[in-house]
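Dear colleague,

I am passing on the structure we spoke about, together with some notes on what I found in it. Please read the notes with the structure open beside you.

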Number of protein chains: 2
Amino acid sequence: MTQQPTDFEATLRRAIDLKTKPVGSLGEVETLAAQIARIQHSLNPVADTCRLTIFAGDHGMAGAGVSAYPQDVTRQMLANFLAGGAAANVFARSLGADVQVVDCGVAGEPVEAPNLISRRIAPGTANAIEGPAMSGAECNRALENGRKIGAEGSHPVACFGEMGIGNTSSASLIAAKLLGLPVTELIGRGTGLDDAGLRAKAALLEKAAGRTPDQLEPQTALMEYGGFEIVTMAGAMIGAAAAGKIILVDGFIAGVATLSARALKPETAQNFIYAHRSAEAGHGRVLEALEARPLLNLNMRLGEGTGALLAWPLVKAAAAMLRDMASFESAGVSGPS
Amino acid sequence: MTQQPTDFEATLRRAIDLKTKPVGSLGEVETLAAQIARIQHSLNPVADTCRLTIFAGDHGMAGAGVSAYPQDVTRQMLANFLAGGAAANVFARSLGADVQVVDCGVAGEPVEAPNLISRRIAPGTANAIEGPAMSGAECNRALENGRKIGAEGSHPVACFGEMGIGNTSSASLIAAKLLGLPVTELIGRGTGLDDAGLRAKAALLEKAAGRTPDQLEPQTALMEYGGFEIVTMAGAMIGAAAAGKIILVDGFIAGVATLSARALKPETAQNFIYAHRSAEAGHGRVLEALEARPLLNLNMRLGEGTGALLAWPLVKAAAAMLRDMASFESAGVSGPS
């Protein structure tokens, strides 16, 4: 966390406590307002506009049986995002957020669409069960693509989502190697595996994890096991934090991108707000490692940035509280007797 | 809960399951969408506009030492609401909700303001520690005032908030008598009592509770211990439910108004969505009695409808999901393999 001058902290605390409400009575909203104020170095913070960027990419190991869905679904869902029909689009429209979609490496021929941002590294990663998912140069390019995208735009709040069949497996492997944990502690059902599917996924991921030492440097973990969409997202988080944006962290996969971004650039930590606790099994471990207490707990496990979007109104309201609410003095209201 | 035709339930379940997402992956948002669809008898539900109505009233027992704040604060906060400076106003503006303010019986001379709705029963209740807070006729008038206010307006979502120094005490007593529990199980610090203040409040409320039998009929409980703002809110909930509105229930005091409304009119139950778990001690008991699992848990305890407002975007997004999201078929996306 960036060190703030003590007088800023004291002024901030006083500004929140003198609002026309009992001290502390807005609970987590007060904590949130304070964090937003620190990110923006302002007692009049703004969180009124928000952009969701969805990163899509395919995974070489998807064919091996780590997902309940066929790999084609990544491409089909990309079309669904571009047409505005997915859950993320609908939530964004309902709440007033912008959406942009980035092809980081979807399998097959490049998708042609005027509203698609193309940052393709390759038509999908290599199969990470057998060898590195990408080269070091590819990993660097994806990070750099992300950094630029993350830094763009005048929106103070950034949500990042992802789409990629097989990417909970990729995220589990990255998290295991960043945290030095057995991958089995980070495996879940993804978008809907049954018990037999889960056992098969566990065996495949143990094989993939066995290829490398128990703990890896962040860039190595991303190169060995990353999806292009996860690496690009990690880069975007670094870029957004450097640009002073508030970053709303979605669920398991975005949480692993956050772990990666924080491992690469520890000074980004202050910019993250954890939106929700996912129903995906590995998320609890990731949240522990991030020392995160998410705002929402709605048993969601969709990805796409849907959980991040749903937390944005809380962030917007928290900023407005600090910026616009009357003080006891300005409103002529008596304090406790 | 109103019995729905089975074919509506089956059609609703199928509509949610065929959206382009793994079945169940939006968790509580799916449950919420289904409830909204039932309330509106529609697979294309709408929750895009919301009105917060704040009910204000004073309590005869406020002078006895049940609150950390002087009674004048009710009137001062009424002015703050009318000027748009309170937390509820700021949240409502930030999220796009309307606010209206109702004087149900603030102490002193009537407040004159063009944007205030005056439904005064009396300048505050009688001291409920010593005798009934209001007469049966006053209670009926407050309920009827509320019913009319609750039924008005074309907004599909209604939030109800309250302001009244001493009203956590009133709510604790009403809840104790509705549930047949010792009042001590429903007492909290309100807006900020210390330990000594809490002990004194408990002694006063035990005395108040001792005046009447352990369990009371809802109308009797409201008459004996009600605040005019709580009774008017209970009436407004009944009126809003009859008008087919979605009612977002705020914290402890609104929860007790809900208990009262449901006791008076059990058919209202389906219309309530529980917004948040308050930090006020008695709220857990009230939520249990309501069999409610609130959407948010942000350690808030302010009242005014602030928690209800923060949950509105979730309701709005849930309705939009069911109404606007593509299906696997319409988007040409493959299901699980």
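Glu291(B) counts as exposed, because its relative accessibility is 72% and the cut-off for that word is over 50%. Please keep in mind from here on that this is a predicted model. Glu291(B) lies in the loop between α11 (283–290) and α12 (306–324) of chain B, and although it is not a glycine, it has a positive phi of about 50 degrees. In chain A, Glu291(A) is found in the loop between α11 (283–290) and α12 (306–324), has a positive phi of about 50 degrees without being a glycine, and counts as exposed at 72% relative accessibility.

How are the two chains related? Chain A can be laid on chain B with an RMSD of 0.0 Å by a turn of 180 degrees and a shift of 0.0 Å along the axis. The two copies are thus related as by a two-fold rotation axis. As for where they meet, 100% of the interface residues of chain A are also interface residues in chain B, so the copies come together through the same surface.

Is Thr20(B) buried or exposed? Its relative accessible area is 2%, and since buried means under 20%, Thr20(B) is buried. The residues that Thr20(B) touches, not counting those up to four places away in sequence, include Met77(A), Gly85(A), Ala86(A) and Glu304(A) from chain A as well as Met325(B), Ser327(B) and Phe328(B) from chain B. Asn80(A) is another residue that Thr20(B) touches, and here the two side chains make a polar contact at 2.9 Å.

The buried residues of α4(B) are Ala87(B), Ala88(B), Asn89(B), Val90(B), Phe91(B), Ala92(B), Ser94(B) and Leu95(B). What covers them includes elements of both chains, namely α2 (28–40) and α12 of chain A together with β1 (50–57), α3 (72–83), β2 (98–105) and α12 of chain B. After α4(B) comes Gly96(B), whose phi is positive, near 90 degrees.

Turning to the sheets, I begin with chain A, where six strands form an open sheet in the order β3-β2-β1-β4-β5-β6, with parallel pairing. At its edges stand β3 (116–118) and β6 (272–274) of chain A, each with a single partner strand, so one side of each is left without a neighbour in the sheet. Neighbouring strands of this sheet are turned by 30 degrees against each other on average, if direction is ignored. Within the sheet, β1 (residues 50–57) and β4 (residues 157–163) of chain A pair in the parallel sense over seven bridges, and Ala56(A) stands opposite Met163(A) in β4(A). Helix α10 (residues 252–264) of chain A packs on the sheet, where it touches β4, β5 (246–249) and β6 of chain A, and its direction makes about 150 degrees with that of β6(A).

In chain B, six strands likewise form an open sheet in the order β3-β2-β1-β4-β5-β6, and the pairing is parallel. Its edge strands are β3 (116–118) and β6 (272–274) of chain B, each of which pairs on one side only. The strands β1(B) and β2(B) pair in the parallel sense over seven bridges, and the bridge partner of Ala56(B) in β2(B) is Asp103(B). Two helices lie across strands of chain B: α2(B) lies across β5 (246–249) and β6, running at about 160 degrees to β6(B), while α3(B) lies across β1, β2, β3 and β4 (157–163), running at about 145 degrees to β4(B).

Last comes the nonpolar interior. In soluble globular proteins, nonpolar side chains tend to be buried together. The largest nonpolar core here has 131 residues, of which Leu248(A), Leu310(A), Leu248(B) and Leu310(B) touch the most other members. Leaving aside neighbours within four places in sequence, Leu248(A) is in contact with residues including Val157(A), Phe160(A), Ile273(A), Trp312(A) and Val315(A). Apart from this core lies another, of 60 residues, among them Leu143(B), Ala175(B), Ala257(B) and Leu259(B).

With best wishes

Terms used:
Residues numbered from 1 in each chain as written. Chains lettered and ligands numbered in written order. Predicted model: local features only at pLDDT ≥ 70, side-chain atom pairs only at ≥ 80, totals over all residues. Heavy atoms only, no water. Buried < 20%, exposed > 50% of the residue type's maximum accessible area, 1.4 Å probe, protein only. Polar contact = N/O pair within 3.5 Å; in protein donor to acceptor, adjacent residues only side chain to side chain. Contact = heavy atoms within 4.5 Å. Least-squares fit on C-alpha atoms with pLDDT ≥ 70 in both. Pairing = 2+ DSSP bridges. Helix = DSSP H or I, 4+ residues; strand = E, 2+ residues; numbered from the N terminus. Axes fitted to C-alpha atoms, helices over the stretch in contact; angles between N-to-C directions. Core = buried A, V, L, I, M, F, W, Y, C linked by side-chain atoms within 4.5 Å.
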